Amino acid sequence: MYINLNDLGDIGGKKTVSMEIEIADLNFRDQEVEVKDNIELEIEIFHTRDSFIIEGEMEVNLVLSCSRCLKNYQTSSVIELSEEILKKDMEDLEKLFIDEIIVDNIILSLPIKTLCSEECNGLCPQCGQNLNEGECDCEIENIDPRLQKLKEFYDD
Ligand SMILES: [Zn+2]
Ligand SMILES: [Zn+2]
């Protein structure tokens, strides 16, 4: 989506942009990130001598997959935007391609470890049961490998 810069005026000029933008789903670190609904963008664009400065925020609804239990969950967040686009990097000074800026900022906002909840219990490593939905019958022995050696020694 392009934002028209024609009506921004001379250096020192600014304008407010309030719009909804549709962004395709992203793929990040092998994870499919679904962008739900349109993104609501509220920004101001300032015209400076060498650049255009964007300040504002956007509301984003994403569907992520939990790194512990692998279930999808939805998050809603407001992401602050603060960017400076140098004129020398622009092909056309009359319009600004905003999609890349939006996608970059969404990716920056993603958590390193996606969790459906802080208390997510994850999956049983043995049978794969989602432990948020109920216990399984597996008995998981959590024995320190050094103690395991001792145990074998005494068992013999
Ligand atoms: Zn989870
Ligand atoms: Zn199990």
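Two strands count as paired if DSSP finds at least two bridges between them, and strands themselves are DSSP runs of E, at least two residues long, with helices being runs of H or I of at least four, all numbered from the N terminus. With that in hand, hello everyone, and let's look at the strands. One caution before that: this is a predicted model, where local features need pLDDT of at least 70, side-chain atom pairs count only at pLDDT 80 or more, and totals for chains, interfaces and linings use all residues. As for bookkeeping, residues are numbered from 1 along each chain as its sequence is written, chains are lettered from A and ligands numbered from 1 in the order in which they are written, and side-chain values use heavy atoms, with hydrogens and water left out.

Let's begin with E4, residues 31-47. Strand E2, residues 14-21, pairs with E4 in the antiparallel sense over 8 bridges, and in that pairing Ile 21 stands opposite Ile 39. Strand E3, residues 26-28, also runs antiparallel to E4, joined by 3 bridges. Leu 26 has Val 33 as its bridge partner there. The hairpin of E3 and E4 has 2 residues between the strands, and Arg 29 takes a positive phi near 45 degrees in it.

Now on to strand E5, residues 51-65, which pairs with E4 in the antiparallel sense over 11 bridges. These two form a hairpin with 3 residues between them. If you want pairs to click on, Glu 34 stands opposite Val 63, and Val 35 has Leu 62 as its bridge partner.

How much of E5 is covered? Mostly: 11 of its 15 residues are buried, where buried means under 20% relative accessible area, exposed over 50%, and partly exposed in between, using a 1.4 Å probe and protein chains only. E5 is also joined to E6 by 15 bridges, running antiparallel, with Met 58 opposite Ile 79. Their hairpin has 6 residues between the strands, and Leu 70 takes a positive phi near 65 degrees there.

That brings us to the metals. Donors here are N, O and S atoms within 2.8 Å of the metal (3.2 Å for Na, K and Ca), and water is not among the atoms, so sites may look incomplete. Which residues coordinate the zinc ion (ligand 1)? They are Cys 66, Cys 69, Cys 116 and Cys 120, each through SG, at 2.3 Å. Their spacing in sequence is C-x2-C-x46-C-x3-C. Cys 66 sits in the loop between E5 and strand E6 (72-86), and Cys 116 in the loop between helix H1 (99-109) and helix H2 (145-155), so the pair ties together parts that are 50 residues apart in sequence. Cys 66 is buried at 0% relative accessible area, whereas Cys 116 is partly exposed at 32%.

For reference, the ideal angle for four tetrahedral donors is 109.5 degrees.

Finally, the zinc ion (ligand 2) has the SG atoms of Cys 124, Cys 127, Cys 136 and Cys 138 as its protein donors, lying 2.3 Å from it. The spacing is C-x2-C-x8-C-x1-C. Here the 4 donor atoms subtend angles of 106 to 115 degrees, which makes the arrangement tetrahedral. Cys 127 is partly exposed, at 44% relative accessible area.

Terms used. Four donors count as tetrahedral if all angles lie between 85 and 135 degrees; four count as square planar and six as octahedral if opposite donors are over 155 degrees apart and all others between 65 and 115; anything else is irregular.
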